[in-house]
Amino acid sequence: MKTEEKFEIGNGRIGESPLHLSGRDHVTGRSQFVDDIPKPRHLLQAKFLTSPVARGHITKLDYSKALEIPGVVRVITAKDIPGENQVGGIIPDEPCLSEGHVACVGELIAIVVAETAEAARLGVKAIELEIEAETPNQTVWDAIRDGEYLSPVRKIERGDVEGAIASAPHVIEGLAQNEGQEHFYMETHRSLAVPEDNGGITIYASTQHPTEVHRMTSGVLGLPQHMVTIDVKRLGGGFGGKESQATIWAACAGLSALLTGRPVEVKLDREEDLAWSGKRHQFVSPYRVAFDDDGRILALDIQLNANGGCTADATSSILERGMLHSENIYMVENHRVVGRPCRTNRPSATAFRGFGAPQGIFVIESIIERIANALGKDPYDIRELNAYREGDTTPYGETVENAKHIAPLFAELRNSSDWDARRKAVREFNAGHKWQKKGLAMTPVKFGISFTAAFLNQGVALIQIYPDGSVSVNHGAIEMGQEVNTKIAQIAATNLGLKLSDIRVETNNTKRVGNAPPTAASSGCDLNGHAVDDACEQLVPRLQKKACELFGVKKVLFEESVLYEVRDDGSVNREKPLSTFKDFALQCFRGRVDLCAHGHYATPFVDFDREAGRGHPFLYYVFGAAVSEVTVDLLTGITTVDRVDILHDSGQSLNPAVDVGQIEGAFVQGQGWCTTEELVYSDKGALLSNSPATYKVPTYGDLAPDFRVKLYQGSYNEVGLHDSKANGEPPFVYGESVFFAIADAIASATGKWPDTMTLPATPEKVLRALQQH
């Protein structure tokens with residue numbers, strides 16, 4: 001792998017690329033996760049009895065024999081819950097423990113709490129459970145047939161879709177289908193609950209959403225929120241899988257600790273995590289598209305049918321984002337998209353990097369490829385023809401600000417990736433090779449940044465300056481490998497004029513920074529970085545005023561933890577520093593200056609009317625595109641990714657090295673979704689691909705040997721954090737270029753676009769596509 005970027009380590013100011021704050025700890029094994037916290041005395045372990053069937057009624061639940069197992073302390077069922085048996089944070093339809101009816105394989109029925117994990121496992125096995133099974137619904141078609149939806153069916157529509165289709169020279173109908181995806185974070189779900197002497201509970205949780213864990217766990221325990229504390233230092237990966245789905249494990253740990261009066265640890269093994277946790281949503285999406293002889297889209301009619309599983313979780317919001325990205329980066333005058341949140345008897349699907357946008361974008365990008373194939377045109381030309389221009393509006397009525405950058409970004413990538421020459425070279429290669437075929441594809445993205453639930457668009461921060469000049473920064477985002485803490489530290493250091501080493505970023509603790517939104521929607525740094533700005537903007541005038549009083553000057557520059565006089569002409573007297581920040585902080589403390597500030601930020605301009613399908617749901621858009629080249633072995637169906645070119649708009653990057661790392665990681669995760677990561681279920685609703693032996697995430701050997709990433713220059717995000725743009729989710733979409741490159745290779749072999757091949761394009765599916773055509 002290589003990148004086109006050269007990084008300046010610098011001194012840790014905004015725009016530089018200092019070493020990751022946690023980098024050395026990660027590579028030396030010193031980073032502390034939940035399982036690394038020193039174990040408290042009298043610690044108990046919790047294991048779970050779960051439903052072995054996808055749908056049915058419990059007719060017998062007898063745990064008397066479990067209590068006879070040496071070491072078993074208690075068995076907990078729904079009737080033991082002192083508060084509300086509910087962990088559904090958005091729509092309250094998810095019980096913590098089953099109350100008699102089960103709706104998926106893996107639904108929690110009972111908790112066995114024991115002195116050791118082995119005793120707890122034996123206790124689970126000793127429970128006598130009988131369930132009267134019912135026929136489960138597993139597909140979106142089952143749900144649509146029965147009218148089973150998790151929330152209302154929604155629609156976004158503009159123009160005269162039916163009229164444009166009726167009068168168009170070309171119309172194509174089809175179906176785009178993607179399967180789900182396992183998050184496969186390195187750290188499985190886990191929580192440690194410790195009772196306090198005042199009747200409260202502290203829970204060390206692996207969650208992206210401490211606020212929701214705090215609220216729902218308090219409800220389960222029947223305690224006011226000020227009696228429950230959630231503390232999160234870092235996650236060993238999250239990708240959305242620990243946004244809402246971490247709640248139930250924290251609640252079970254807290255419930256067990258409350259009822260036993262002892263600390264309790266919940267720790268899932270890999271197979272448990274795979275079998276019981278939610279995945280990316282499967283979308284099954286019929287479509288119709290009308291277009292002219294040049295390939296310009298005249299009308300688009302899409303149905304996004306999301307398999308949401310057995311409870312609502314975040315399905316309505318995920319489906320909404322899919323709908324809001326159903327046109328991707330293209331201007332479509334006549335556009336209709338209908339979203340159906342289908343209830344089935346699978347574990348609830350949940351948030352995953354991209355949050356529905358990759359699924360919506362997959363549909364329109366499939367359509368673009370089919371248009372190009374039908375007309376015999378270059379798909380890059382079709383994309384450039386239909387792309388948004390400055391002043392264009394989306395189907396939901398929001399102006400695509402800074403769309404002026406799309407055309408030059410497309411042109412730059414076309415040139416830097418050698419698209420035209422390589423497209424010709426691919427044709428020549430394919431003509432000369434019978435059993436190997438190459439494919440080339442480009443996938444762009446327009447990704448909206450903001451939570452579509454407006455109330456979540458807020459950030460919080462708390463900054464404390466100590467008398468020795470060191471600074472503690474608390475903020476609402478969760479560190480989970482994306483190095484948000486490094487960026488936050490850079491923001492604080494730059495604003496206060498300090499060295500990066502003077503900044504310590506603390507754990508996320510609901511006693512210090514309560515009411516924060518989840519670290520999701522690519523907004524963790526945006527929201528909480530603005531809150532840090534707000535706190536600094538309160539501190540800096542206090543520090544300036546005190547410094548001017550102490551040193552008898554009119555203005556002071558704080559730079560690299562040293563204070564300098566700023567002369568009347570604006571020059572800086574660096575020859576005679578006024579003080580070190582360390583000495584100055586002590587003088588501020590003795591002078592009774594408030595050295596603490598709480599910051600808050602609320603995103604402006606965001607609103608969306610779901611009933612009307614109109615509004616301004618996003619603060620801004622991220623643009624970018626990727627080109628991928630693959631080679632497909634026609635005898636085995638195995639794909640090799642040969643080269644990747646990515647051009648991504650980060651605005652004015654806060655930390656280019658971190659952003660490029662996010663782009664690389666997101667692409668590879670997207671590549672896995674599109675190629676090797678296949679979820680396989682039995683006809684009874686049980687996950688069969690429930691281990692690393694049967695579920696294949698990308699490895700180092702799957703990376704393209706020629707991997708080029710470049711940050712697009714000249715973009716300034718006026719409404720962003722220091723002119724930057726978010727990077728967490730948008731680059732995931734680039735992985736779809738690998739799928740379309742595989743399809744291009746198959747089309748070269750068969751003479752027909754493989755329009756029935758579903759995502760992921762596993763070797764088996766590639767072979768089937770070759771045989772079908």
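Colleague: Where in the chain is proline 760 found?

Modeller: This is a predicted model, in which local features need pLDDT of at least 70 and side-chain atom pairs count only at pLDDT 80 or more, while totals for chains, interfaces and linings use all residues. Residues are numbered from 1 along each chain as its sequence is written, and side-chain values use heavy atoms, with hydrogens and water left out. Helices (H or I, at least four residues) and strands (E, at least two) are DSSP runs, numbered from the N terminus. Proline 760 is found in the loop between helix 17 (736–750) and helix 18 (763–772).

Colleague: Is the peptide bond from leucine 759 to proline 760 cis or trans?

Modeller: Most residues other than glycine have a negative phi, and most peptide bonds are trans. For the bond from leucine 759 to proline 760, omega is near 10 degrees, and the bond is cis.

Colleague: What is the phi of phenylalanine 239, and is the residue buried, partly exposed or exposed?

Modeller: Phenylalanine 239 is found in the loop between strand 11 and helix 6, and its phi is positive, about 60 degrees, although the residue is not a glycine. Buried means under 20% relative accessible area and exposed over 50%, with partly exposed in between (1.4 Å probe, protein chains only). The relative accessible area of phenylalanine 239 is 29%, so the residue is partly exposed.

Colleague: Which residues are linked with aspartate 418 in a network of salt bridges?

Modeller: Aspartate 418 has its place in the loop between helix 11 (406–416) and helix 12 (419–432), where it has a positive phi of about 55 degrees although it is not a glycine. With a relative accessible area of 37%, aspartate 418 is partly exposed. A salt bridge is a side-chain nitrogen of Lys or Arg within 4 Å of a carboxyl oxygen of Asp or Glu. The network links Asp418 with Arg422, Lys438, Glu629, Asp642, Arg643, Asp645, Asp706 and Arg708.

Colleague: How many salt bridges does the structure hold?

Modeller: Side chains of opposite charge can pair when their charged atoms come close. Glutamate 187 lies in the loop between strand 8 (170–178) and strand 9 (190–195) and lysine 242 in the loop between strand 11 (228–232) and helix 6 (247–260), so the pair ties together parts that are 55 residues apart in sequence. For the structure, the number of salt bridges is 51.

Colleague: How many residues apart are glutamate 611 and arginine 154?

Modeller: Glutamate 611 forms a salt bridge with arginine 154, with 2.6 Å between the closest N and O atoms. The pair links distant parts of the chain, since glutamate 611 is in the loop between strand 26 (607–609) and strand 27 (614–616) and arginine 154 is in strand 7 (residues 154–158), and they are apart by 457 residues.

Colleague: What is the relative accessible area of lysine 47, which meets glutamate 272 in a salt bridge?

Modeller: The side chains of glutamate 272 and lysine 47 meet at 3.9 Å, N to O. They link distant parts of the chain, with glutamate 272 in helix 7 (residues 270–276) and lysine 47 in strand 1 (residues 44–50), 225 residues apart. Glutamate 272 is buried, with a relative accessible area of 16%, and lysine 47 is buried, its relative accessible area being 7%.

Colleague: Which residues is glycine 448 in contact with, leaving aside its neighbours within four places in sequence?

Modeller: Glycine 448 has its place in strand 16 (residues 436–449) and is buried, with a relative accessible area of 0%. Contact means heavy atoms within 4.5 Å. Leaving aside those neighbours, glycine 448 is in contact with Arg321, His325, Phe618, Tyr620 and Tyr621.

Colleague: Are helix 10 and helix 11 roughly parallel or roughly antiparallel to each other?

Modeller: Axes are lines fitted to C-alpha atoms, for helices over the stretch in contact, and angles run from 0 to 180 degrees between N-to-C directions. Angles under 35 degrees count as roughly parallel, over 145 as roughly antiparallel, 65 to 115 as roughly perpendicular and the rest as oblique. Helix 10 (residues 379–386) and helix 11 pack at about 165 degrees, with their axes 10 Å apart. Helix 10 and helix 11 are therefore roughly antiparallel.
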